[in-house]
Amino acid sequence: MASFVGRHSLHKLRTIHFVISRSKATSAQYVASRARDPTFEKLMGQYKNLIKFFSIQDLILASPNLSVPLPYLSRLSQTLHLNRGAASFIQKYPHIFEISCDQVSFKPIVKLTQSAFQISHEESLAAAAMIPETVSRLICLLSMSSSKCLPLRTIFRIWRELGLPDDFEDSVILQNKEIFTLCDNPHVRNTHILKLVPQSSVFKPVVENWRQKEISKENVNVEASEIQFGFKHNHPPGMKLSKDYRAWLRKWQKLPYVGPYESNGRVKKTKNGMKRLEKRAVGIVHEFLSLMVEKMVEVEKISHFKKWFEIDVNIRDLFLDHPGIFYLSTKGKRHTVFLREAYDRGCLIEPNSIYDARRKLLHLISLGRRGLSMNNMELGSARKTEDEDDEEEESQEDDEDQESHVEDNL
């Protein structure tokens, strides 16, 4: 248990009314005191294992014989965040992985099951089919940078979240030379910058779609100025909103700001100027998450775009200070942020074919060892062992969540 706060204190922090003024004693306290949403926590509880699966899948698919030696995976256990070792993780998901003996080395090797391989193939086909849409998302991403360019390695960090094919350098960038161009990075050797060829397109942030719908509703209880610069809010269930917070939120909604595709110019670091910078950062991250195929991304990955998007505020604070717009989860030793308005009951409101394929993999993960051909005693024993392992691992991660922190430079 973290030494910063006891369980009783954490419970109090989570149930008190949300107020704007807060004490930043430690990052751990601040993260632990956030209002948790059971739906997102349950989703991330499954998704953390999907992330581990992707790491192993990429190694398998990169191999000429579509297999990886189990001893090799065991040596990478710590890197792949396999807390109980590679063998334990592989055996826990027999619907996804299968272990056999190599005919030459006589060592155990790991392959994807036919079901997992088929779903992986479906995702690849979906990514290829969505290239025109993906090109548009990549254009938007580059357009949020004042220089209309981004380091190629930052794109690599989110290629899966952006729905890019794994060969996107060839299939997306080189195939669209009239839109994108690659050049050497003058500041870092042996790296490249992806630039957007100048164009006259004008982009509209996704949030404008919500604003137009709200204006058409003619809600007499909401002022037009709250919608003009406002964002949709959907606070975590059970979160009590104080009168002061509601008043602050209405004032914040009316605050004008520079949009994600507009030039920020020079903003004075006055109190009002910092408020506008903070709201602009909310708009940028809101648009950034809207471009992701699952409307979610690790906080650490967003931080690599901070300089290029000219975000001058702490990104972590954006998510914690605006729980009606974003949800921050710390499951799986990762800080992952979701765009709340994009989800309903743990599912995307507007799914896509890539998302659908990943949901199929999540289903295989949720099966665990269930559904295998074994007698009832063995099946019951396997389920009990699996449940005990999951409970122990969840307990360990809950403690780690309370102790973890995101660096202030995010």
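Leaving aside residues up to four places away in sequence, Phe319 touches Val285, Val299, Ile302, Phe326, Leu328 and Val337, where contact means heavy atoms within 4.5 Å. This is a predicted model, in which local features need pLDDT of at least 70 and side-chain atom pairs count only at pLDDT 80 or more, while totals for chains, interfaces and linings use all residues. Residues are numbered from 1 along each chain as its sequence is written, and side-chain values use heavy atoms, with hydrogens and water left out.

Phe319 is also one of the residues that touch the most other members of the largest nonpolar core, which has 92 residues; the others are Phe97, Leu141, Phe180 and Phe288. A nonpolar core is a set of buried Ala, Val, Leu, Ile, Met, Phe, Trp, Tyr and Cys residues joined through side-chain atoms within 4.5 Å. A second, separate core of five residues includes Ala126, Ala127, Met130 and Ile354.

Ile354 is among the buried residues of α16, and the buried residues of this helix pack against α3 (38–62), α6 (114–129) and β11 (347–348). Helices are DSSP runs of H or I with at least four residues, strands are runs of E with at least two, and both are numbered from the N terminus. Just after α16, Gly368 takes a positive phi of about 60 degrees.

| Residue | Relative accessibility and class |
|---|---|
| Cys140 | 14%, buried |
| Cys347 | 36%, partly exposed |

A search of the whole structure finds zero disulfides, a disulfide being a pair of cysteine sulfur atoms within 2.5 Å.

Definitions and conventions
Buried < 20%, exposed > 50% of the residue type's maximum accessible area, 1.4 Å probe, protein only.
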